[in-house]
Amino acid sequence: AQRARKLSCRIAAMSCAAASARVVPSRTSARALVPRRVASSRPRVPRGARPCRWRSAAGTADASPDPDLDPAVHEAVYASETWGPWDPPLPPLDPHPPLLAFDGARALLEARDAGATRASISLDFHKGPDAELRLDAERGVFLDETPARDETRDETDETDEQNETDDEDSPTDYVTDDPSPETPLVTWSDVSDVAADEKGAYVLRRGLPAERFQVFSEDTGRAASLMPVGGGFAPTALLAGFSMHRFGVGVDPMEDTERKLNAIKPIRPGARVLDVCTGLAYTASGACSAGAHVTTIELDRAMTNLCRMNPHSSALFSGNIRQLYGNGADVVPTLPDNSFDRIVHDPPTFALAGELFSEAFYRELLRCLKPKGILYHYIGDPASKSAGNVAKGAAKRLKKAGFGGVVIDYEAHGILAARGRVKASGARGKARDSKKDKGGRSPEERKRRTGSKTPGRREKRGRGGGARRDDDEESFLENEFF
């Protein structure tokens with residue numbers, strides 16, 4: 001009977017505990033029973049997102065309005081028939097300090113080991129002529145300020161050479177902290193360190209150690225640096241460990257930029273181009289060199305410091321490009337309707353800037369685009385699984401936003417969109433035919449064996465159509481997802 005009573009008491013206690021709102025385990029202190037505060041007075045900031053200083057300052061009552069977010073300012077700019085000149089975002093570096101990367105450092109070490117006393121390498125990422133350097137096997141590398149002359153030349157040749165030094169191809173006057181020519185520009189110890197670092201660009205100053213150029217953004221909380229790619233090409237940018245261009249697959253940054261601009265050609269003189277996400281300003285510079293009136297938007301002001309140090313970004317400080325700052329999702333809604341002939345949308349990855357892949361942002365881009373304008377949207381390699389999924393989602397949202405034609409350009413690694421139909425040179429069939437078949441034969445091998453051309457896409461002619469178009473020609477893509 002006692003056991004039955006104890007068992008019934010235990011069952012009753014378990015039932016009460018299960019019915020209570022909070023189950024307290026045994027040996028719980030009285031302090032633990034005090035209700036905890038679960039709500040915080042501060043707004044919750046999403047992971048990886050930090051408010052920008054200029055955005056938070058614009059929201060205060062005492063701060064002056066940001067002209068980059070003022071629709072009236074933009075309305076006046078694009079209603080005017082004149083363009084620029086614009087104040088550069090930062091004063092340009094004049095003179096520009098010499099920059100040494102791993103390929104140039106390795107060339108110096110090879111020249112020293114070979115017993116050479118002079119060397120000619122690029123100290124500006126091959127933007128201008130190579131610098132003449134004097135090598136001292138013990139002390140280091142010196143700027144050769146008195147280059148050797150060929151005594152066999154006559155006086156006429158010497159006069160012509162003197163005139164050539166005043167042209168644009170004259171050697172760059174590099175900034176130095178020690179004016180003494182007996183001080184080496186860089187020591188051999190620093191040259192060895194630079195040669196071992198394939199992801200950094202180093203600033204050289206006489207009498208000082210070589211300094212790896214890197215900036216830290218207080219707005220995004222990420223580090224950014226110039227990253228050389230070798231081979232005599234322009235550098236790319238390294239953001240939070242990710243490179244900005246696809247040079248790893250055999251495409252240098254300038255070629256990558258050229259493919260993006262070719263996707264939206266023609267870009268005629270006087271055309272208005274919007275570049276969302278400035279980066280190293282290669283896209284803005286390329287469109288500006290074609291005579292376009294370029295407006296570019298950048299969230300991170302630290303990228304402007306990278307552009308100022310990068311010789312290939314000098315066009316950003318020429319006064320011909322209008323630089324706006326802020327999140328593209330905030331700046332684009334303040335731009336007037338039907339303002340741009342071409343839009344280049346080159347955002348970071350979806351994980352870093354998801355709002356720039358949203359349907360609401362695509363609607364704003366469509367609103368700013370002229371009726372016959374074209375939008376290029378970079379997404380990465382659409383043939384890969386990850387970027388392919390992003391491309392499909394972006395294409396669906398672009399269609400819902402109101403774009404009539406949405407096409408994937410496999411050559412430019414992006415999406416082309418317009419109000420009407422749009423064509424792309426990088427057809428999907430071209431990417432498929434570039435792969436080998438089940439027997440391991442390439443398209444060229446199949447062509448030699450069969451004696452016939454690889455079949456391409458059919459070209460419609462009128463209602464019927466039926467003539468085949470080779471993949472080497474520019475092909476028209478129908479919408480692949482709708």
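## Salt bridges

The count of salt bridges comes to 13. They belong to a predicted model. Side chains of opposite charge can pair when their charged atoms come close.

Take Asp 144 and Arg 118. They form a salt bridge, and their closest N and O atoms are 1.8 Å apart. Is Asp 144 buried or exposed? Its relative accessible area is 12%, so Asp 144 is buried. Arg 118 has a relative accessible area of 39%, so Arg 118 is partly exposed.

Which residue meets Arg 367 in a salt bridge? The partner is Asp 337, at 2.5 Å from N to O. This pair also links distant parts of the chain, 30 residues apart. Arg 367 lies in helix α11 (residues 359-368). Asp 337 lies in the loop between α10 (328-331) and β14 (340-345). Arg 367 counts as partly exposed, at 22% relative accessibility. Asp 337 is partly exposed, at 49%.

Strand β14 itself holds Asp 341. Asp 341 forms a salt bridge with Lys 370, and the closest N and O atoms are 3.5 Å apart. Lys 370 is in strand β15, and the two residues are 29 residues apart. Asp 341 is partly exposed, with a relative accessible area of 21%. Lys 370 is partly exposed, with 25%.

Salt bridges can also join into a network. Glu 255, Arg 259 and Glu 411 are linked in this way.

## The nonpolar cores

In soluble globular proteins, nonpolar side chains tend to be buried together. Here the largest nonpolar core has 42 residues. Those with the most contacts inside this core include Leu 226, Leu 306 and Tyr 376. Elements that give two or more residues to this core include β8 (223-227), α7 (253-263), β15 (369-378) and β17 (414-418). Which element gives the most? Helix α9 does, with five residues.

Tyr 376 shows how such a residue is surrounded. Leaving aside its neighbours within four places in sequence, Tyr 376 is in contact with Lys 260, Ile 264, Val 344 and Leu 416, among others.

## Strand β12 and its partners

Strand β12 (residues 293-298) is mostly covered, with five of its six residues buried. β12 pairs with strand β11 (residues 272-276) in the parallel sense, over five bridges. In this pairing, Arg 272 stands opposite His 293 in β12. β11, α8 and β12 make a right-handed β-α-β unit.

β12 also pairs with strand β13 (residues 321-325), again in the parallel sense and over five bridges. Here Glu 298 stands opposite Tyr 325 in β13. β12, α9 and β13 make a right-handed β-α-β unit.

## The whole chain

How many helices and strands are in the chain? There are 14 helices and 19 strands. Buried residues make up 40% of the 482 residues. Among contacts with a separation of 6 or more, residues 24 or more positions apart account for 62%. The chain exposes about 27,600 Å², and carbon and sulfur atoms supply 50% of this area.

Methods
Residues are numbered from 1 along each chain as its sequence is written. This is a predicted model: local features need pLDDT of at least 70, side-chain atom pairs count only at pLDDT 80 or more; totals for chains, interfaces and linings use all residues. Side-chain values use heavy atoms; hydrogens and water are left out. A nonpolar core is a set of buried Ala, Val, Leu, Ile, Met, Phe, Trp, Tyr and Cys residues joined through side-chain atoms within 4.5 Å. Buried means under 20% relative accessible area, exposed over 50%, partly exposed in between (1.4 Å probe, protein chains only). Helices (H or I, at least four residues) and strands (E, at least two) are DSSP runs, numbered from the N terminus. Contact means heavy atoms within 4.5 Å. Two strands pair if DSSP finds at least two bridges between them. A crossover is right-handed if, with the strands pointing away from the viewer, the path from the first strand over the helix to the second runs clockwise. Accessible areas come from the Shrake-Rupley method with a 1.4 Å probe; for residues, only the protein chains shown count as cover. A salt bridge is a side-chain nitrogen of Lys or Arg within 4 Å of a carboxyl oxygen of Asp or Glu.
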